[in-house]
Amino acid sequence: MNSPKVSVVIPTYNRETPLIDTLQDVLQQDYPNFEILVVDQTPTHTPEVQDFLQSWADGGKIQWFRLTWASLPGARNYAVRRCTGEIVVFIDDDIRMEKGYLTAHVRNYTRPEVGAVAGRVFDRMKLGDSGGELTIEDLPPEAMDPGIAWYHIDLVHTTKAQRVISARGCNMSYRREIFTQHGVWFDERFRGSAVREESDFCLRLRRTGYQIWYDPEAHLVHLGEETGGCHDIATRSLKYQITFYHNHFLMAQKNLTLGQQLRLYAKLFDCHVLGNPPCNKSGSPLKIVSRGIFYTLGFLDAVKTRIKSIWDKGQIYSRQDPWVISPPKETPLNPEVIGQ
């Protein structure tokens, strides 16, 4: 059996015990050919976690990279430049998986048209909201419409394999050539929890001609811890609220037609500002007004980001990476492509 090498990338930020549990599950995978890259943006670990990570790194079980900045897309890019697998699997640092997880991802790449695989996510919060009994076979046509897909694509309850428009960031894989040959990299302008960074990436990936395939058997459990992970901004802070809208508007301005943008803006307002389903937020006039202010500030902030990017390209973390400044001779990567 052909077993292409797999690189498992785990960005982490201020995560302790869940990170160790995640790594133990990956280390127990039955796939015969994989490496693990931990991109650690945590300033200081507990002594116990530090010892675990150090012993695994010293024993060659993981590659452990310590960074002084916190950016989820930046961490993903950092790892891709250092991995050696044909297939790159991205997972969060608070997940649990079964032994056949990597095999389930890899088997889809025998089809040459598949450039990415979206796995199923058993998300505790979403499963709880639905009562745990909802199942979906075929996603609706709206789930392939870039303007409104984000409110119709469900990679939690869907049980049938099919083509999709995007993956979820905690459970997704890609051919490495998407980065190295096609020059598609994660956009480091997506901030905070980096909501919509994977959506932006997948929309740009589709322009290469590759398909994104959903495989429900490539599943994992997402614990959804309240702290840590990629939350470099407190989720209840004003800055986080503005960032949430900023990221949605940035994705739209970069990738969507004017008509698609308007449909997304309308749905974003109806759901997240007015609080209508599926968001089901408070209908208090004060809450609506405050969310409307964040919505407006987020839009203006995204416009500012786009203007500023004319001269700085937005990839601020990649431009700090020695592999971009002076790549090793053996690397096939082009620093000009990486910095775009």
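**Helix and strand packing**

Mentor: Start with a helix pair. Phe-244, Tyr-245, His-248, Phe-249, Met-251, Ala-252, Gln-253 and Asn-255 in α8 meet Gln-260, Gln-261, Leu-264, Tyr-265, Leu-268, His-272 and Val-273 in α9. Contact means heavy atoms within 4.5 Å. The residues of this contact of α8 with α9 are nine nonpolar, six polar and no charged. Ala, Val, Leu, Ile, Met, Phe, Trp, Tyr, Cys and Pro count as nonpolar, Asp, Glu, Lys and Arg as charged, and the others, Gly among them, as polar.

Trainee: What are these numbers and names based on?

Mentor: This is a predicted model, where local features need pLDDT of at least 70, side-chain atom pairs count only at pLDDT 80 or more, and totals for chains, interfaces and linings use all residues. Residues are numbered from 1 along each chain as its sequence is written, and side-chain values use heavy atoms, with hydrogens and water left out. Helices (H or I, at least four residues) and strands (E, at least two) are DSSP runs, numbered from the N terminus.

Trainee: At what angle do the axes of α8 and α9 cross?

Mentor: Axes are lines fitted to C-alpha atoms, for helices over the stretch in contact, and angles run from 0 to 180 degrees between N-to-C directions. Helix α8 (residues 238-255) and helix α9 (residues 258-273) have axes that come within 9 Å and cross at roughly 165°. Angles under 35 degrees count as roughly parallel, over 145 as roughly antiparallel, 65 to 115 as roughly perpendicular and the rest as oblique. α8 and α9 are therefore roughly antiparallel.

Trainee: Is α7 roughly parallel or roughly antiparallel to α8?

Mentor: The axes of helix α7 (residues 197-205) and α8 come within 9 Å and cross at roughly 10°. That makes the two roughly parallel. Ser-199, Asp-200, Leu-203 and Arg-204 of α7 make the contact with Met-251, Lys-254 and Asn-255 of α8.

Trainee: Now the strands. Is β4 buried or exposed?

Mentor: Buried means under 20% relative accessible area, exposed over 50%, partly exposed in between (1.4 Å probe, protein chains only). Five of the five residues of strand β4 (residues 87-91) are buried, so β4 is largely enclosed by the rest of the structure. Ile-87, Val-89 and Ile-91 cover one side, Val-88 and Phe-90 the other.

Trainee: Which strands pair with β4?

Mentor: Two strands pair if DSSP finds at least two bridges between them. Strand β1 (residues 6-12) pairs with β4 in the parallel sense over four bridges. Strand β8 (residues 171-175) pairs with β4 in the antiparallel sense over five bridges. Phe-90 stands opposite Met-172 in β8.
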